[in-house]
Amino acid sequence: MKKMGLFGGTYDPIHQGHVSLALGLAEALSLDGVVLMPTFVPPHKIKESMAPAEHRLAMCRLVAAQHPVLQVSDLELAREGASFTVDTLEALCRTHPDTEWYLITGADMFTTLRTWHRFEDIARMAVLCTVPRAGTDTARLQAYAAALEAEGCRCYVHPCPVEDISSTEVRRRAAAGESLAGLVPPGVEEYIRRHGLYRDGAADTRTRDQQFIEIIRSRLGDYRFRHSLCVAQEARRLARLHGADPDKAYTAGILHDIMKDTDPNAQLQILEDFGILLDGLERQSPTLWHARSGEAFLRHILCIGDEDVLRAVRYHTTGRAGMTLLEQVLFVADFTSADRDYPDVDVMRRLADESLTAAIKYGIDYTIRDLLDRDRAVHPDTVAAYNEIVLSEANGGQANESK
Ligand code: DGI
Ligand code: FE
Ligand code: FE
């Protein structure tokens with residue numbers, strides 16, 4: 001059995017504290033290696049001063065090159081979305097079957113371990129390791145470890161505390177042009193200067209939407225990627241026309257089909273991970289899954305908190321009674337985007353400019369006929385959306401247009 005450490009972090013930048021911790025544990029536990037795993041940072045959590053992921057990764061590689069026991073993996077960055085540690089461990093256990101894993105966490109994170117997603121599985125797959133900070137929290141860490149061990153977890157609290165170095169302080173000094181000697185490993189200071197990291201104006205200047213576009217680019221095939229950009233543009237146009245928020249519409253358009261090209265079983269896994277239950281009809285209709293798994297991915301993995309955008313994605317396929325204006329805009333834009341070329345798309349586009357509800361009715365009419373032709377079930381939300389429009393038309397078109 002090989003013995004390997006897994007040490008995740010933002011590494012913004014990697015500093016001497018990380019290195020001492022990794023090397024200290026590697027020696028104490030006779031590890032064959034320690035994998036440094038730079039983590040993905042969701043677009044909205046990227047602070048002005050943060051270095052782009054490529055640079056965080058490159059600095060880790062620079063340091064690993066100086067210490068044979070250190071390795072670097074881009075597994076989590078390549079996933080383009082926040083990863084659960086449990087998924088990373090599972091992936092590593094799969095690719096390294098004859099390895100015993102030691103999960104390395106800093107003192108702060110160690111005492112939150114019990115709250116991590118699927119903690120029991122983490123504890124089953126790895127020995128939980130930490131190192132106290134000099135002068136402070138040894139007893140607290142040992143008490144937490146003892147409690148975990150009483151539950152059957154395997155833990156290791158290193159007896160030699162390490163000096164606490166703050167990445168914030170490293171970035172502040174870099175911004176002020178002060179020396180980083182002793183704080184970061186050799187080469188990292190030069191790397192930071194050469195690339196102008198952590199200085200005003202050196203931040204990742206890509207907008208959130210640009211970052212979302214890169215994320216869908218890596219998750220979707222060519223056809224679906226182009227469709228998503230077209231829907232984003234069309235949603236923004238329709239939002240302006242009908243008084244919805246154009247920025248939200250654009251973002252929702254980019255993201256609405258984010259899970260469309262994801263393997264159905266992987267979509268089910270995501271739904272299960274987040275405790276989302278499908279109704280009986282949904283379970284039978286894999287084409288509906290991407291709306292639900294998409295919402296979950298945006299909420300939990302990309303950490304998008306805007307309920308308007310989340311709802312628009314959730315209901316973009318079925319619609320529902322009482323759709324918000326943004327939901328209506330996205331629903332219609334999915335039919336009228338520039339890439340669509342079904343025979344009566346012009347009719348649909350004309351309706352979309354005149355009235356969102358008229359366009360929704362026309363779209364649902366088409367969808368329901370198509371589903372019936374193919375012996376597919378129609379989701380009750382779709383029927384409810386349709387009925388609401390028909391009934392309000394019968395009442396003189398009062399309700400719903402400006403919901
Ligand atoms: O993802 P897009 O292809 O851009 O468009 P969409 O999200 O509207 O998905 C269209 C697919 O969803 C199409 O295969 C039909 C299916 N669909 C839409 N409404 C219903 C539905 N399937 C079922 N079973 N029931 C529905 O009410
Ligand atoms: Fe869709
Ligand atoms: Fe779509």
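The donors of the iron ion, ligand 3, follow the spacing H-x28-H-D-x76-D along the chain. This is a predicted model, in which local features need pLDDT of at least 70 and side-chain atom pairs pLDDT 80 or more, while totals for chains, interfaces and linings use all residues. Residues are numbered from 1 along each chain as its sequence is written, chains are lettered from A and ligands numbered from 1 in the order written, and side-chain values use heavy atoms, without hydrogens and water.

The protein donors are His-227 and His-256 through NE2, and Asp-257 and Asp-334 through OD, at 2.2 to 2.3 Å from the ion. Donors here are N, O and S atoms within 2.8 Å of the metal, 3.2 Å for Na, K and Ca; water is not among the atoms, so sites may look incomplete. Asp-257 sits in the loop between α12 (246-255) and α13 (264-273), and Asp-334, 77 residues apart from it, in helix α17 (residues 325-336). Helices are DSSP runs of H or I, at least four residues, and strands are runs of E, at least two, numbered from the N terminus. Asp-257 also coordinates the iron ion that is ligand 2, and the two ions are 3.5 Å apart. Asp-257 and Asp-334 are both buried, meaning under 20% relative accessible area, with exposed over 50% and partly exposed in between, for a 1.4 Å probe and protein chains only.

Now the sheet. Six strands form an open, parallel sheet ordered β3-β2-β1-β4-β5-β6, where pairing takes at least two DSSP bridges between two strands. β3 (70-72) and β6 (155-157) are at the edges with a single partner strand each, so one side of each has no neighbour in the sheet. Three bridges join β5 (residues 126-130) to β6, and Leu-128 stands opposite Cys-155 in β6.
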